[in-house]
Amino acid sequence: MMSNSKYFQVSAYLAFLSVGLMTTGCASANVEGWKTDIPCGGLQYVVTSHCKASGDEFELNTCRPGQQLTVGKLSINVPSAPRTAKQQPIFATHWQCVKTDTGAYLLLDFSSGVGRTASDEAVEFYDKQLHRITDEALIRSIYKHSDKAREGYVKSIYPGEGN
C-alpha cells in the first residue's frame with residue numbers, strides 16, 4: 001500500500017509529466033512545412049523546411065533539423081554531407097542557380113545561425129538529378145560563373161527571408 005506522501009509525489013509527477021507532454025505537443029503542432037521554390041535550368045526545385053516563426057526579426061526561427069530538396073519526383077535530404085553528433089544542425093538559407101558550359105547547377109548555402117566556425121557553414125552543389133557535385137574542377141567552374149547567377153533566400157532559420 002502506498003503512503004499518502006508517496007501517493008502525493010507520484011500524483012504531482014504525473015501531473016507535471018502530462019503538462020510537459022501537452023506543451024511539447026503544442027510546440028510541435030505549430031511547426032509548418034515551408035516551401036521555397038527555386039527555378040533553375042528549366043526545372044523547378046523545392047526546398048522544404050519544417051519551422052515555427054520566431055515572431056521577432058532578431059531571433060532565429062525554430063526549425064527541425066533536416067530539409068528536403070525536391071525536383072520533379074526526385075527528393076533527397078539536405079545537407080547531403082554527413083555531420084557528426086557534436087556539430088550544430090545546419091539549414092539551407094540561400095540558393096543560387098549557376099549556368100555553366102555543361103549545364104545549370106543548384107548551389108545551396110547552409111548555416112547553423114549560431115557562429116562562424118568551419119562546421120557552422122557549408123555549401124553544396126547539385127545537378128538536375130540531385131546528385132551532390134564533389135568534382136573540384138566542376139566546382140571551380142560553377143564558382144567561376146556564379147557572378148551571373150540567379151539567387152534568393154530559402155525560408156528557414158532566418159526570419160523575414162525566403163518566399
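The largest pocket holds about 200 Å³ of space. This is a predicted model, in which local features need pLDDT of at least 70 and side-chain atom pairs count only at pLDDT 80 or more, while totals for chains, interfaces and linings use all residues. Residues are numbered from 1 along each chain as its sequence is written, and side-chain values use heavy atoms, with hydrogens and water left out.

A pocket is an open set of points on a 1 Å grid over the protein atoms alone, where a 1.4 Å probe fits, with protein on both sides within 12 Å along at least five of seven lines; lining residues have an atom within 4 Å of a point. Its volume is the space filled by probe spheres set on the points, which are joined across faces, edges and corners. The lining of the largest pocket comprises 14 residues, and Ala81, Val123, Glu124, Arg132 and Ile133 lie nearest the centre. By class, 9 of the lining residues are nonpolar, 1 is polar and 4 are charged; Ala, Val, Leu, Ile, Met, Phe, Trp, Tyr, Cys and Pro count as nonpolar, Asp, Glu, Lys and Arg as charged, and the others, Gly among them, as polar. Strand E8 (121–126) and helix H2 (136–144) each supply at least two lining residues, and E8 gives the most, with 4 residues.

The protein chain contains 2 helices and 9 strands, taken as DSSP runs (helices H or I, at least four residues; strands E, at least two) and numbered from the N terminus. From that terminus the order is α-β-β-β-β-β-β-β-β-α-β. Of the 163 residues, 31% count as buried, where buried means under 20% relative accessible area, exposed over 50%, and partly exposed in between (1.4 Å probe, protein chains only). Among contacts (heavy atoms within 4.5 Å) with a separation of 6 or more, 53% join residues 24 or more positions apart.

A nonpolar core is a set of buried Ala, Val, Leu, Ile, Met, Phe, Trp, Tyr and Cys residues joined through side-chain atoms within 4.5 Å. The largest has 17 residues, of which Tyr45, Leu69, Leu106 and Leu108 touch the most other members. Two or more residues of this core come from each of strands E1 (32–40), E2 (43–52), E4 (67–71), E6 (91–100) and E7 (103–111). A second, separate core of 9 residues includes Tyr105, Leu138, Ile139 and Ala149.

In H2, the buried residues are Leu138, Ile139 and Ile142. They lie on the same side of H2, because they cover an arc of only 100 degrees around the axis, the arc being that of the directions from the helix axis to the C-beta atoms. These buried residues pack against E6, E7 and E8, whereas Arg140 and Lys144 are exposed on the other side of H2.

Glu121 and Ala92 are 29 residues apart in sequence, and their C-alpha atoms are 9.5 Å apart in space.
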